[in-house]
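Hello,

Here is the structure I said I would pass on. My notes follow below it.

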Amino acid sequence: MGYNALSALKILMQFDSILYLIGGGLFGMLAGLIPGLSGSTAIILLIPLTFGMDPNQAFLTLVSAYGASTVGGSLTAIIIGVPGQGKNAATVFDGFPMSQKGQAAEAVGAAAASSAYGGIFGALVLAFLIPVMRQVVLLFGPPEFLMLAVWGLSVIGVLTGRYLINGLIAVFIGLLLSFVGFNPVVGGIRYTFGSMYLWDGISMASVFIGFFAVSIVIDLAIKGVPIAGSRAKIHNAFKKMLVGLMAPIRHFALFIRCSAIGTIIGMIPGVGGIVAAFLAYGHAVQSSKDKSMFGKGDIRGVIGPESSNNSSAGGAMVPLLAFGIPGGEATALMLGALMIHGISPGAQMLKNHLTLVWVMIGALILSNIMASLVAVLAAPQLVKVTTISPEYLVPIILSVSLVGSYSFHHRMFDVVVTVIMGILGYILKRFDIPTAPVVIAYILGSIMEKSFFRTLQIGRGSFMVFFHRPIAITLLLITTITLMWPYVSSALKRRRKTNSISNKGEGA
Amino acid sequence: MKKREIFNLSYLVFTVFLIFVLFSIPVFSQTEKNSEAYKDNDTITLIVPFSPGGGYDTLARLIQPFFQDEIRELSGAKVNLIVENVTGAGGVIGYSTMFRAKPDGKTIGMVGLQGAPFQQMGTDEFDLREFTHIGQANIETAGLMVSAESDLNDMQDLIDRSKQMPILFATSGVGAAEHIRTILAQAILAENGIELNADFVHYDGTGEAMIAILKGDAEAMISSAGTPFDLVNDGELKVISIFDPIREQRYPDTKAITEENIPGGDQIADQIFGNIRIIVAPPDTPEPIALILREALVKTLNKPEVQEMARNMKVALQHASAEEVAGKVDRLLSLVDRYSDIIMPLYTK
């Protein structure tokens, strides 16, 4: 194994490899940046270019694009509040408010550093897991996914803002949105109003672009002031960004936990960076004593999702390399590319093409570092966007976002749905209904429902199946404890107070 | 809202309106009429109804450059063939798009006959009989897979075990090909007096379904024979029956279902298959164009480079002519008709 790692290193240090790494990475970053395009888009476009290359170089290009794209997506998420791709959505919740307070540079610094370190974490885990990859993937199935989704939804409790009822409405709206379409687990078409285009549900792109981009645009247009406020000037952007760079180190334990969450979730086929980012955000909120700043610009709300979504890339490659079963869209494309190059993923690949596996791991690490460096260098200029008047910003964001929503299926229908989602998002804002629970419920709602029914199908109609799934039960316990803890700890505190008062009385 | 806000809002609405108008211009622009089949710089779009990276997409991109060259040679025009993924509704959106496209030779598509006849009956968005058929590109038999550790070693074992407890089949979704194959097998066996009891777990894709079998969450799946190949090689899964009269080369130790002399086995081998992928053009595509496309397809599939790449990617290429395809389509549609009372409920719940 060491020999293969060394030859991989030699390959990566070659001049043309470095060129491909940088080229693929920059391209991936750009695709991640533009709302509506994503790392997968970059891979799709790059695959034909890699046909003539040898497998090592082909895959270092593709993996580099994949790794760098998440960093690109975080930039737009923070600066204009529009996630460049789905997995950067959670970064908006606290990244954008920081931008609105004029702290965009610090947020970008934190995101870049978290992404780099998180990406390295994920790649290292991938490397360590090579001998036991297969067993790890097999640990998770529908009962575990169900518990993960429940845990994720439980997080919403802390994100409801001022009024609990508003938070509940947000959750219900998100769940409703997730129910639209044909349910492949139990059959049945819901809320499609007869349209074939809604068969697959309201597309995630429409929800994200609509809720974030379009509703922000509406807000900007109506208010008429720049993102960072009417008299914002960005001073010392570079210095502030350096402060941000140290953020994951300052909150090291949180960073490690969120990277771990991302890597594990990324390993689960069918669930991806998006869920990893949301769960990490939720964990960041739940695990902090002072939750008051979340949603208003707490830097931990940037560290969490950004370390998680980058580490999930490493995780997503585990089922791909172990079984040839892709963890998500980007890895599905890589699977196709592997087949085109005549390589069958699985135990065979780990035996015969181990050098290539190391090249891919190395590319993942290097592309994360490179993309973060680029982000850091570009940040001082990029953050000035927050001072641009909406007259210029609104048309640009709007047209890029709508074109992005069109780009998925080349259908105007998707654009219309996006606009409707945008209007819905704006209405929710005006009524003080928080967006985070809507988006979380939308994503986790369908996972939860499908996993629930699949669990029952596996158990042939009975719930007994849960009792044979230690991981699922553990997750359920963790969720229950995290939910109950605030009540339990304050009850304990009260008892201690009462005891000490009575003790004092007795001792006096 | 304040006056200033309403003012700003109206500007916004105007901008959105403008963007929509700009998008619609291409729709209203005129197109020229062609006198020959193809002209230089014409773009032919090959619609793939599924996402990039999957079996259909890989096959399309594999043949694309060679198909393009053959069409150029036969038509004398420097045309461009591009692959476009039009996904959704399990392929129906792609099929519907191909069906409604202008029959000018600039749009063709790939259809999978393991699902399309059923989807046609269920959704009524296209008609396989009305397409202008170009030809078949690949065909694969169906195979029954189980975990390598399973006690089941052939179809008879499966049927026997199902009498004690229904076999838990994994599928890639309600109404997906694996689901339909199993229900059809059950129906055919039932007609011959054999009871196969089945329960189902529906996943979001064949990959997840295979992992389920590896984990033991599900017991079996009837898929395209090539699907589990890599995992069989790794020793994780085994294919215990091939739904064909002859054994499959890739699994020489696996019995063909006809060897087991199960009543209905011959019918299963005849009517249940893994996949059949065909190329179609919209209804009423002119003969000259159809002829060019048909001949180009045959030549493409016969090219040694194409066959070698297909072997490397484990894609089973096999050509059949437009007439043969039309025949298969008819047979499949009457099959769907015959079993419509067990199939239709899957789509119309």
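**Domains, interface and core**

In chain B, the centres of domain 1 and domain 2, taken over C-alpha atoms, are separated by 27 Å. Please keep in mind that this is a predicted model. The domain assignment of chain B puts residues 43-138 + 275-348 in domain 1 and residues 142-271 in domain 2.

Where the two domains meet, 12 residues of domain 1 of chain B are in contact with 11 residues of domain 2 of chain B. On the domain 1 side, helix α13 (residues 340-348) of chain B gives the most, with 4 residues. By class, that side of domain 1 of chain B has 8 nonpolar, 3 polar and 1 charged residues.

Last, the core. The largest nonpolar core has 274 residues, and Ile43(A) and Val108(A) have the most contacts inside it. Helix α18 (residues 354-382) of chain A supplies the largest share of this core, 17 residues. Domain 1 and domain 2 of chain B both give residues to this core, so it lies between them. Leaving aside residues up to four places away in sequence, Ile43(A) touches Leu62(A), Ala65(A), Tyr66(A), Ala330(A), Leu333(A) and Met334(A).

Regards

Definitions and conventions:
Residues numbered from 1 in each chain as written. Chains lettered and ligands numbered in written order. Predicted model: local features only at pLDDT ≥ 70, side-chain atom pairs only at ≥ 80, totals over all residues. Core = buried A, V, L, I, M, F, W, Y, C linked by C-beta atoms within 7 Å. Buried ≥ 20, exposed ≤ 12 C-beta atoms within 10 Å, placed from the backbone. Helix = DSSP H or I, 4+ residues; strand = E, 2+ residues; numbered from the N terminus. Domains from an automatic or database assignment. Contact = placed C-beta atoms within 7 Å. Nonpolar A, V, L, I, M, F, W, Y, C, P; charged D, E, K, R; others polar.
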